[in-house]
Amino acid sequence: MGMTMVEKIIAAHSDNDSVKPGQIVNARVDLVLGNDVTTPVAIKEFNKIGVDSVFDRDRVAIVPDHFTPNKDINSAQQALMVRNFAREKEITNYFEVGEMGIEHCLLPEKGLTLPGEIIVGADSHTCTYGALGALATGVGSTDMAAAMATGELWFRVPETIKFVYTGKLNPWVSGKDLILYTIGKIGVDGALYKAMEFTGEAIENLSMDGRMTMSNMAIEAGGKCGLIACDDKTREYLTDRAVRDFTPYYSDNDAIYDRVIEYDVSEIEPQVAFPHLPENTRPVSKAGDVKIQQSVIGSCTNGRLEDLRIAAEVLKNKHVHEDVRCIVLPGTQEIYKQAMKEGLFEIFIDAGVAVSTPTCGPCLGGHMGILAKGERAISTTNRNFVGRMGHPESEVYLSNPAVAAASAVKGYIASPEEVVE
Amino acid sequence: MKLTGKVFKYGDNVDTDVIIPARYLNNSDPRELAAHCMEDIDENFAQEVAEGDIIVGGKNFGSGSSREHAPLAIKTAGVSCVIADSFARIFYRNSINIGLPILTSPEAVKGIKAGARLAVDLDSGEIKDLDTDQTYQAAPFPEFMQNIIKAGGLIEKVKGEVG
């Protein structure tokens, strides 16, 4: 009987000929990830196990990106604890401020996340690497500790929902809109405990940046992971990046799916998710009159080069509305450098935008863009929960970079068509 | 194991950001986290919760972040167990791994009111509302997860295996 990608990856990592949904197995992991919020808790648990070293110092990645550059003494203490651990255990892939980027932008860029691998990260958006055909999933700090010590972890084999996206994308519609639309249709628990497999013509035509945006938000539908099969585009992206050999896996034609859902993307326009759930989506043309005080363009969802290029296209020769603070956060130092070379920062700064060093800060209400009581933000980030970007009585609206940029210019949630002739 | 406690009841999609807001995550001391538990949806929770009390939530409890600080804050606040319609995947895993009992029972969630006193038998999965004498049944854990719970959490289990 046929198997899905996820089933094949789990079988290969647990020395089984086949596995079935619902089965619980111990499987080897190819990479274990943590950040400055989750790693301190993992270190405390790791130290209880009683091993001296991590299972493989090349297969642990630690990226202090949430409260860095450190915003206060407590966050500096946490970063110090993480830094000392990384040095003591001789972790190869520790990234200090200056090398650091937003973890889910950085690791694919460094070629550390590869097709067919199992990657666990103590960060829920670890599912981003599904865009490269990996089974990548978020776990907690205790799981991170156990995986660092043993190189293994327990997994429940998930059922897979297959999504087929047909047709051609409309102008200003991106991977972000496809995933927001999908979450709007199936709900924030629509893929609970399940793997999401994204397929179809529209996915084949999507850039790697756009694919990563889609996989990034699988968790917002409750998914364990969101996978896209490795193709020529993936291989091209990995050329001169991949740090290891890899084996891609593909779903069999007779694989058994939990459900198959088809969407015609030609019917989709840019989406906006209203507070306080990513499922509260509507087309930007139906947003109504929503005034905003902040626009955030960045994060592990939309802080990649393509996102900055789109934002610059909208902001060129325009100026941010006088009632709005607009912040752009490039995802990594490499993206920062490339954006600078392409003249994007000049466009942003001329438009009155603040350009930041890479950080997760505003996305989780950490620092670098916190909202006051009653304020509203449009943001290219992934969550609009209560208090997500600051005061519990503030509001976050999610969108793609073009809508966030257009809204920054207009002062209310706006379509890019209102700004770009 | 038998638990008794008073119910704090919440709705669907109680996420990790309201269980423990990220602004407090520059500290990983469990007592500090517990002091701000549920703050953004129930500012009185940390003051009112007593040892043994029980949280009842709706669908998709614990959605959002992987932060283990969330179940840790709930456990350290004194909560003896969480009952919900369904749990978000990472929260479910984290709770098993750190030894916070969680039970899935849509019937119990439907029937139990805020402030009710419950008796919960973790071995059988029986939930009894002591105010109404109504009983509900939660699904038992798969054997694999029972073994983690019996070992005292994932770290104790791994310690037994690598030691």
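Two residues are in contact when heavy atoms of one lie within 4.5 Å of heavy atoms of the other. The views below show a predicted model.

**View 1. The contact between chain B and chain A.** Chain A contributes 50 residues to the contact, and chain B contributes 39 residues. The size of an interface is often expressed as the accessible area lost when the parts come together. Here, the area buried between chain B and chain A is about 3800 Å², and carbon and sulfur atoms give 59% of that area. In chain B, the residues that lose the most area to chain A are Asn26(B), Arg89(B) and Arg93(B), which together make up 20% of what that side buries.

**View 2. Polar pairs and the elements of chain B at the interface.** The interface of chain B and chain A holds 3 salt bridges. Asp17(B) forms a salt bridge with Arg388(A), and their closest N and O atoms are 2.8 Å apart. Between the two chains, 20 residue pairs are in polar contact. At least two residues of the side of chain B that touches chain A come from each of helices H1 (16-19), H5 (89-98), H7 (143-151) and H8 (154-162) of chain B. H5(B) supplies the largest share of this side, 7 residues. By residue type, the side of chain B that touches chain A comprises 16 nonpolar, 13 polar and 10 charged residues.

View 3. Thr128(A) lies in the loop between strand E5 (118-121) and strand E6 (135-138) of chain A. Thr128(A) counts as buried because its relative accessible area is 0%, and the cut-off for buried is under 20%. Apart from neighbours within four places in sequence, Thr128(A) is in contact with His104(A), Met212(A), Ser215(A), Asn216(A) and Arg304(A).

Note on methods: Residues are numbered from 1 along each chain as its sequence is written. Chains are lettered from A and ligands numbered from 1 in the order in which they are written. This is a predicted model: local features need pLDDT of at least 70, side-chain atom pairs count only at pLDDT 80 or more; totals for chains, interfaces and linings use all residues. Side-chain values use heavy atoms; hydrogens and water are left out. Buried area is the accessible area (1.4 Å probe) that two parts lose on being put together, summed over both. A salt bridge is a side-chain nitrogen of Lys or Arg within 4 Å of a carboxyl oxygen of Asp or Glu. A polar contact is a pair of N or O atoms within 3.5 Å; within protein, one must be able to donate a hydrogen and the other to accept it, and residues adjacent in sequence count only if both atoms are side-chain atoms. Helices (H or I, at least four residues) and strands (E, at least two) are DSSP runs, numbered from the N terminus. Ala, Val, Leu, Ile, Met, Phe, Trp, Tyr, Cys and Pro count as nonpolar, Asp, Glu, Lys and Arg as charged, and the others, Gly among them, as polar. Buried means under 20% relative accessible area, exposed over 50%, partly exposed in between (1.4 Å probe, protein chains only).
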